[in-house]
Every structure is written in C-alpha cells, then in structure tokens.
Amino acid sequence: MARKTVTCTINGAEREYSVDVRSSLSDMLRGQGGLDSIKHGCDVGECGACTVLIDGQPFNSCIYLAIWAEGKTILTLEGLSDKKGAISDIQQAFIDEGAVQCGFCTPGFIMASVPIIMSEEPASRDEIRKQVAGNLCRCTGYDKIINAIEKTQHKRLEEKKTK
Amino acid sequence: MYDIKHLYEPKTVEEALLLRKEHPEALVLAGGSDILIQIREGKLAGCELISIFALDELRGICIEEDGSLLIRPLSSFTDVVMHPLIKKHMPVLGEAVEQIGGPQIRNIGTIGGNICNGVTSADSAGTLKAYDAILEIASLEGTRTLPYADFNFKPGKVDLRPGEILTGIRIPKASYERTYAHFIKYAMRRAMDIATLSCSVNVRLTDDKKKVERLRIAFGVAAPIPIRAFTAEKNANGHLLNEALISKVAEGALADVMPRTSWRASKEFRLHLVEELARRATITSIEKAGGKING
C-alpha cells in the first residue's frame with residue numbers, strides 16, 4: 001500500500017513521518033511517535049481516550065487519518081509538561097481531586113479540558129460536562145473529573161486577574 | 001490501520017470530480033465519522049475512498065448576492081454552531097447540530113456528510129428540509145441544483161450520481177427571513193446518542209402576530225428518510241394562534257409519518273413522540289416569533 005510523508009508540528013517540534021496512507025493519526029502518534037498517552041480505547045470515536053488537540057481543538061485521533069495531519073499543529077498530553085518534565089496544573093489537579101483511578105481515560109479527558117482552561121470565559125459545571133461529553137470514564141463517576149477541571153479553570157482565571 | 005483498498009487524494013474539486021467519474025465505486029470521504037467507523041466495523045472494509053477532507057474550498061459559510069445563505073458541505077458541525085451568520089439567520093441549525101455526538105465528533109463531522117449519508121436520524125436533515133434547502137451538486141459536466149426535498153431516495157441512498165459531489169447547501173432568503181424555529185431531539189442520552197425521534201419546526205407569523213403566515217415542520221426517524229409533514233403545514237397555515245392550531249399540527253403530523261419499531265423504540269412510542277414533539281416545537285417556535293397562544 002502507498003506510503004506518504006506527513007510533516008506536522010507535534011508538541012512544539014516539527015516532525016516528519018513516513019506513514020501508510022491507511023494509518024489513523026493515533027497509529028502514527030503512538031506507534032511511530034512513541035506518544036503513549038494516546039490510548040486505543042474503542043477505536044471508533046466513542047470513548048475519547050485518544051483525544052489530541054489539532055490546531056487547538058479536540059479530535060479523536062483514532063478516526064482521523066494520519067495524512068490529514070499534514071501542516072497541522074498537534075498537542076498531546078506529553079506536550080503539557082514543561083521542559084524539565086514537570087506536570088502541568090491540570091494534571092496535578094486531576095491527582096489532587098482524585099480524578100484518576102485506573103487512568104486509562106485520563107489523558108483524553110485532560111486534552112478535552114485544555115480548551116476550557118485556556119478560555120478567558122469561565123465555564124459552568126454544565127458547560128464543562130458538555131465539553132467532556134465525548135469522553136468516557138468507567139471509574140470515577142465524573143464528578144471528581146469536573147472538580148479538577150473547574151478548580152484549574154478558576155485558578156487560571158484568578159492568576160490572570162492578579163497579573 | 002484501516003482496511004482500505006485504495007485511497008485517492010484529490011488536490012482540487014475538479015480532480016475530485018474526475019476521480020468520481022473514473023472510480024464510481026469509490027466512496028467520498030469527508031470527515032470520516034461514519035465511513036471510517038463502518039470500515040472498523042467491517043461493513044465497509046476493503047472499500048476505495050476519495051478523501052475530500054483537504055479541499056478547503058468546500059469549507060465556509062457566507063451570504064450570496066441574492067441574500068441566500070450558502071453553507072459549504074465540508075463545514076464541520078462546530079463551524080456551523082459557531083458561525084455568526086448561522087447565529088443571526090438560522091440559529092436553529094446550530095442548535096440542532098450542537099446535539100450531535102460530543103465535541104470531538106462535532107469538530108470532525110461535516111454537514112455535507114450528514115446529509116449525503118442519507119440516514120433518517122441525521123440531526124441536520126430535518127431543519128434543512130424544513131427550510132427548503134437547495135443543494136448544489138457538481139460534476140465535470142457542470143453544476144445542477146436540486147431541492148433537498150428530492151434528495152433522499154431510501155435509507156442510505158441519495159440522488160448523487162456517478163461523477164458527482166455535493167458542493168453547496170443553500171437556504172433562500174425568503175426561507176429564513178422573519179422566520180423563527182425550534183428543534184427537539186429526543187434521545188436516551190444528552191450526548192453521544194442517535195435520535196429516537198427529532199422534530200424541527202419554523203414559523204412566520206402575520207405582521208399583527210395573530211395568525212400563522214407559514215409553518216414548516218420536518219421529522220427525523222419518523223419514516224425511512226427525513227420527511228416534511230405537509231398535512232400539518234396545511235392545517236397550520238393561516239390559522240389563529242390558539243390551542244386548536246397546536247392540536248391540528250400534531251394531528252397532521254401523525255397523518256404524515258410512518259415510524260417503525262426498532263431496538264431503540266417501538267412504533268407506538270415514536271408516534272407518541274411525533275405528537276408531543278410537534279406540539280412542543282410549534283409552541284416554542286411561535287413564542288420565539290413573539291406570538292402568544294390564545295393571546
């Protein structure tokens with residue numbers, strides 16, 4: 001089967017991969033890029049465990065062809081850490097709030113929540129629920145996940161105010 | 001890895017049309033949120049695909065010179081929800097497609113894909129039918145226009161011929177101006193679910209807001225394809241805004257639908273939903289238009 005070179009920016013660095021044109025973006029990022037935060041959960045766009053940001057918006061990388069990533073800017077959970085490898089505030093909040101149990105869904109939830117915590121507009125708990133409605137968690141019952149996102153959002157908005 | 005026999009990647013619409021002509025058996029891949037999943041499930045395994053995802057000329061929403069609202073088919077559901085022209089002229093379409101899947105699906109799913117799949121549960125279909133959408137369909141021979149009303153033949157089968165691609169969805173000005181609408185999707189969950197039944201109503205009231213000038217109503221999952229309920233519309237047009245109007249719309253809707261029993265719901269429950277959603281969507285549309293029932 002035909003192969004194609006895909007050039008895109010992944011977590012701030014320009015990358016080039018030679019992919020089979022039948023590959024999904026999750027195949028490319030996890031299989032070739034070694035980005036293990038991307039989980040192959042359902043592989044049909046139901047569970048959100050493979051969520052990445054493409055040009056700032058959440059997508060299921062399992063139902064996105066790798067070739068479509070040409071020229072795009074992609075952010076995965078690995079890209080949230082700082083240069084020294086320290087985890088970000090949203091990841092810490094998931095730990096502090098007990099929003100992680102088995103952890104399989106966690107990277108997807110965190111990536112789906114990034115647009116919320118980056119936004120200048122505070123989101124209500126209902127709006128947060130809507131923004132993570134494409135992610136499934138079978139352990140936590142969701143409340144603790146919403147708590148972690150809400151807490152990080154408040155903290156970031158407060159920090160912006162004091163600056 | 002997807003089980004795809006061959007993937008064609010046209011760089012322009014013209015190339016895509018040529019590929020459609022040369023490979024009539026190949027499916028058009030827009031956002032892939034139906035086709036890629038059906039490949040995984042095995043239903044479409046081994047298919048040939050023409051990916052039009054990269055054709056940015058098929059994205060965007062604008063107002064044409066004649067005032068009609070033009071939605072390019074690769075516009076994602078999120079594009080439709082967020083677009084200021086949709087919010088201004090046809091907010092009900094944004095409200096409808098905002099109920100599809102979750103954020104990730106709304107970012108990848110396209111409005112053109114939604115209607116070309118030809119399924120009765122397509123959340124954009126009822127509203128587009130109820131607004132008398134006109135489709136622009138291109139081939140190498142030129143572009144033809146077709147009322148969306150005539151597009152669906154049977155489940156999964158639409159009037160797209162070999163060599164053709166949907167290039168535009170047009171809402172005439174006369175269809176959206178002074179028109180107020182409401183959409184209701186009934187499903188078991190508020191996200192990531194397929195409609196058990198859906199109803200889209202829009203009304204234009206007379207200047208004194210005493211009577212219905214024009215009411216249009218369409219349903220999803222009330223028949224094998226998305227349908228308009230013309231008996232309900234005939235019953236409503238020119239009618240005073242009162243309880244009798246609401247009952248006549250519901251009665252007319254029941255006369256026009258033919259739902260079936262599926263694992264999601266029984267025919268009887270769907271008929272109950274037809275009546276109830278018709279009532280509720282009509283009342284809310286009239287209220288949005290500034291009318292008052294029994295006012």
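Here is a short chat about the domains, a helix and a sheet in this predicted model.

User: Hi! How is chain B divided into domains?
Analyst: Chain B has domain 1 (4-50), domain 2 (59-174) and domain 3 (180-288).

User: And how many residues of domain 1 are in contact with domain 2 there?
Analyst: In chain B, 13 residues of domain 1 are in contact with 17 residues of domain 2. Helix H1 (residues 13-22) of chain B gives the most to the domain 1 side, with six residues. By class, that side of domain 1 of chain B has seven nonpolar, three polar and three charged residues.

User: Thanks! Switching to chain A: which residues are buried in H5(A)?
Analyst: Among them are A:Ile145, A:Ile146, A:Ala148 and A:Ile149, and also A:Glu150. The buried residues of H5(A) pack against helix H2 (89-96), helix H3 (106-118) and helix H4 (125-131) of chain A.

User: What span should its 20 residues have?
Analyst: At 1.5 Å a residue, helix H5 (residues 143-162) of chain A should span 28 Å, and its end C-alpha atoms are 29 Å apart, so the two agree.

User: Nice. Back to chain B: what is the strand order in the open sheet?
Analyst: The order is E11-E12-E13-E14 (chain B), with antiparallel pairing. Strand E11 (180-186) and strand E14 (227-228) of chain B are the edge strands.

User: How many bridges join E11(B) to E12?
Analyst: Seven bridges join E11(B) to strand E12 (residues 197-205) of chain B. Across that pair, B:Ile184 stands opposite B:Cys199.

User: Which helix packs on the sheet?
Analyst: Helix H12 (residues 267-288) of chain B does, touching E11, E12 and strand E13 (212-220) of chain B. The direction of H12 makes about 30° with that of E12(B).

Methods. Residues are numbered from 1 along each chain as its sequence is written. Chains are lettered from A and ligands numbered from 1 in the order in which they are written. This is a predicted model: local features need pLDDT of at least 70, side-chain atom pairs count only at pLDDT 80 or more; totals for chains, interfaces and linings use all residues. Domain bounds come from an automatic or database domain assignment. Two residues are in contact if their C-beta atoms, placed from the backbone, lie within 7 Å. Helices (H or I, at least four residues) and strands (E, at least two) are DSSP runs, numbered from the N terminus. Ala, Val, Leu, Ile, Met, Phe, Trp, Tyr, Cys and Pro count as nonpolar, Asp, Glu, Lys and Arg as charged, and the others, Gly among them, as polar. The expected span of a helix is 1.5 Å times one less than its number of residues. A residue is buried if 20 or more other C-beta atoms lie within 10 Å of its own, exposed if 12 or fewer, and partly exposed in between; C-beta atoms are placed from the backbone. Two strands pair if DSSP finds at least two bridges between them. Axes are lines fitted to C-alpha atoms, for helices over the stretch in contact, and angles run from 0 to 180 degrees between N-to-C directions.
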